[in-house]
Amino acid sequence: MDFSNKKLAILFRVGDANVYLTNTLVSTWTIGLVLIALAFVLRLMYMKRYQDAPASGSLQNVLELAVETMSNFVTSTLGHNLTGLGGYFFGVFVFIIISNFSALVGLRPPTADLSTTLALALNTFFLTHFLGITRQQGEYFKEYVNPVFIFLPIHLIGEISKPISLSFRLFGNILGGVIILGLLYKALPILLRFAVPDVLHLYFDLFAGSLQAYIFTILSMTYIRSKAEGSE
Amino acid sequence: MGIPFALLEAMPPGSILHFDKEFLLELGIQWINTIVIAVVLSKVLYKPVKNMLDKRAQKVAAQLDGAKKASNEADTLKEEYESKLVGIDTQKAEILANAKALAKASADKTLADAREAAEKLRNRASADIRSAEENAKAEMKREMIDISFLLAGKFVAASLDDKTRSDLVDSALDELGGVKWLA
């Protein structure tokens, strides 16, 4: 059984290391292109058919509902001072959830690769500490020696563990789903492969996929807020 | 094509998890990919829709404000007009009362003048009547006396001198003054 992220071709070389075109890259680019194209199309349609009072169920209505839900979510989790990050988290949430769903159409979810989840977690990490330093200034550094200096290593480990736990949680959950479904497809006789795995797809791809996207986003926001506003 | 594609068979085996230089390169590529996707989605879809929503919220708020202001203005105008209307009623009543009083006074005056004039006329007329009556009485007395003298003279003509005659006339006049038959 091979659940690895296959190398399809060599893209280019950096020093003595190859950069391969992997399953992850193919699905990331596919998802990225689809999402970006969809974003442009939806935006064009939205601007063209904009109405002050959209009919319920119309494209505009659905789009506004999505944006408003995200905006309210960001405001309630990040607070009123950081609503500018709403767009970034909208993009991250949509990318993660569509990545997790992409197993349904036969792609290898980009989130089943640590490089994707760690990249997302590092964004959160850098945002957290950048906003912490710029918003809290001296207070930011004081928190590392709170209540006494001896606690500095513990604080440091705590901060470093955040992107690790954030990335491995998403990676592990999605990879687990990929492996279990792969095993199931191998184990089932061909005729049964059409209906039986649906239940597991429902759970691992849709349920766990949405849940993990939500968890990743809300944890990122919580980390950022705790540093940007200080933990009092 | 500038990309050196190699055949699938020639590729080294894939992996689930690996920590090496290749991983760092993959991480870098995915870092760029995720940032590009997130930023494009944000700029192309989220921000414009959010702006429209915010603008609409502002518009609705402004319209509500305007409606409230207009309603307040209407209320004050209504109050003003109502107070003016009340003023007009009292003013109207005042003017009417004044006019009535004026008219009554002028009518009274005219009436009084007329009465006075009529009174004067009547008084003058009755005075005229009275004097005419007196004149007529005196005239009649004189006529009767003359007639009486004429008749008496016929009877006592020769026997009476002028002096006696004038005494007789005076005494007769005195008597006639108290006569009632002419009154």
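A:Gln137 is exposed because 10 other C-beta atoms lie within 10 Å, where exposed stands for 12 or fewer such atoms, buried for 20 or more and partly exposed for those in between, with C-beta atoms placed from the backbone. Welcome to a predicted model, in which local features need pLDDT of at least 70, side-chain atom pairs count only at pLDDT 80 or more, and totals for chains, interfaces and linings use all residues. Residues are numbered from 1 along each chain as its sequence is written, while chains are lettered from A and ligands numbered from 1 in the order in which they are written.

**Around A:Gln137**

- A:Gln137 sits in the loop between α4 and α5 (138-142) of chain A; helices (H or I, at least four residues) and strands (E, at least two) are DSSP runs, numbered from the N terminus.
- Although A:Gln137 is not a glycine, its phi is positive, about 50°, and this comes just after α4(A).
- Helix α4 of chain A (residues 114-136) has 23 residues and should span 33 Å at 1.5 Å a residue, which agrees with the 31 Å between its end C-alpha atoms; the expected span is 1.5 Å times one less than the number of residues.

**The hairpin of chain A**

- β1(A) and β2(A) pair in the antiparallel sense over six bridges, pairing being defined as at least two bridges found by DSSP between two strands.
- Two residues separate these strands in a hairpin, and A:Gly15 in the turn has a positive phi of about 60°.
- A:Ile10 has A:Tyr20 in β2(A) as its bridge partner.

**Where the chains meet**

- In chain A, 48 residues are in contact with 42 residues of chain B, contact being C-beta atoms, placed from the backbone, within 7 Å.
- On the side of chain A that touches chain B, α1(A) supplies the largest share, ten residues.
- That side of chain A divides into 29 nonpolar, 13 polar and six charged residues; here Ala, Val, Leu, Ile, Met, Phe, Trp, Tyr, Cys and Pro count as nonpolar, Asp, Glu, Lys and Arg as charged, and the others, Gly among them, as polar.

**Core and chain B**

- The largest nonpolar core has 49 residues, and A:Phe93 and B:Leu41 have the most contacts inside it; such a core is a set of buried Ala, Val, Leu, Ile, Met, Phe, Trp, Tyr and Cys residues joined through C-beta atoms within 7 Å.
- α3(A) gives this core its largest share, ten residues.
- Leaving out residues up to four places away in sequence, A:Phe93 touches A:Met70, A:Ala213 and A:Thr217.
- Chain B has two helices and zero strands, and 8% of its 183 residues count as buried.

How values were computed: Two residues are in contact if their C-beta atoms, placed from the backbone, lie within 7 Å.
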